[in-house]
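Good morning, and thank you for coming. I would ask you to look at the sequence and the structure together while I speak.

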Amino acid sequence: MSECVSHRTNVKARKDHKCFGCYGIIVKGTVVANVTTCVEDGDIYTVRLCDECEVTALEFQKRGDEWYEGDLGEDRKEQKEKEQRQADHVVDLYIERKGW
Ligand SMILES: [Zn+2]
């Protein structure tokens, strides 16, 4: 069980941080929309998300899905791969039809 003890908005990063959702780097000076500090089993951790993950986290929230550290980046990667496969498929169909 984790409990969130503090939540701040639009916080400027004072150093480089790792995004909690995708492990990407949030570069020093970036304004982070939401910074949440939580405690879980006596451990304290801070959740910062990059802009892309803010959007993905909202999508998860809308679907009522839970996510954990690193999940948001994984989800986008899967999404991109799916789109890529679909795009490849369309190209294949096109090539077939053209008889190339
Ligand atoms: Zn991220």
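Residues are numbered from 1 along each chain as its sequence is written. The model is predicted: local features need pLDDT of at least 70, side-chain atom pairs count only at pLDDT 80 or more, and totals for chains, interfaces and linings use all residues. Helices (H or I, at least four residues) and strands (E, at least two) are DSSP runs, numbered from the N terminus.

Let me stay with α2. This helix covers residues 71–98, which is 28 residues. From its first C-alpha to its last it reaches 40 Å, close to the 40 Å expected at 1.5 Å a residue; the expected span is 1.5 Å times one less than the number of residues. A residue is called buried if 20 or more other C-beta atoms lie within 10 Å of its own, exposed if 12 or fewer, and partly exposed in between, with C-beta atoms placed from the backbone. Of the 28 residues of α2, one is buried, so the helix lies largely in the open.

How do α1 and α2 pack? Their angle is about 85°, and their axes are 9 Å apart. That makes α1 roughly perpendicular to α2, a term for angles of 65 to 115 degrees. On the α1 side, the contact is made by Glu52, Cys53, Thr56 and Ala57, and on the α2 side by Leu72, Asp75 and Arg76. Axes here are lines fitted to C-alpha atoms, for helices over the stretch in contact, and angles run from 0 to 180 degrees between N-to-C directions. Two residues are in contact if their C-beta atoms, placed from the backbone, lie within 7 Å.

In the loop between α1 (51–63) and α2 we find Gly64. Gly64 counts as exposed, with 6 C-beta neighbours inside 10 Å.

I turn now to the sheet. Three strands form an open sheet in the order β1-β4-β5, with antiparallel pairing. β1 and β5 stand at the edges, each with a single partner strand, so one side of each is left without a neighbour in the sheet. The twist averages 20° from one strand to the next. Two strands pair if DSSP finds at least two bridges between them.

Nine bridges join β1 and β4, and in this pair Thr9 stands opposite Asn34 in β4. Six bridges join β4 (residues 31–40) to β5 (residues 43–48). Thr37 has Thr46 in β5 as its bridge partner, while Glu40 stands opposite Asp43 in β5. The hairpin of β4 and β5 has two residues between the strands, and in it Asp41 takes a positive phi near 50°.

Where else is a positive phi found in a residue other than glycine? One case is Asn10, with phi near 50°. Asn10 is found in strand β1 (residues 2–12) and is exposed, with 9 other C-beta atoms within 10 Å. Leaving aside neighbours within four places in sequence, Asn10 is in contact with Val31 and Ala33. Another case is Tyr23, with phi near 65°. Tyr23 sits in the loop between β2 (17–18) and β3 (25–26) and counts as partly exposed, with 14 C-beta neighbours inside 10 Å.

Finally, which residues make up the largest nonpolar core? There are ten: Cys19, Phe20, Cys22, Ile26, Val32, Leu49, Cys50, Cys53, Ala57 and Leu72. Such a core is a set of buried Ala, Val, Leu, Ile, Met, Phe, Trp, Tyr and Cys residues joined through C-beta atoms within 7 Å. Not counting residues up to four places away in sequence, Leu49 touches Cys19, Phe20, Gly21, Asn34, Glu54 and Ala57.

Technical notes: Angles under 35 degrees count as roughly parallel, over 145 as roughly antiparallel, 65 to 115 as roughly perpendicular and the rest as oblique.
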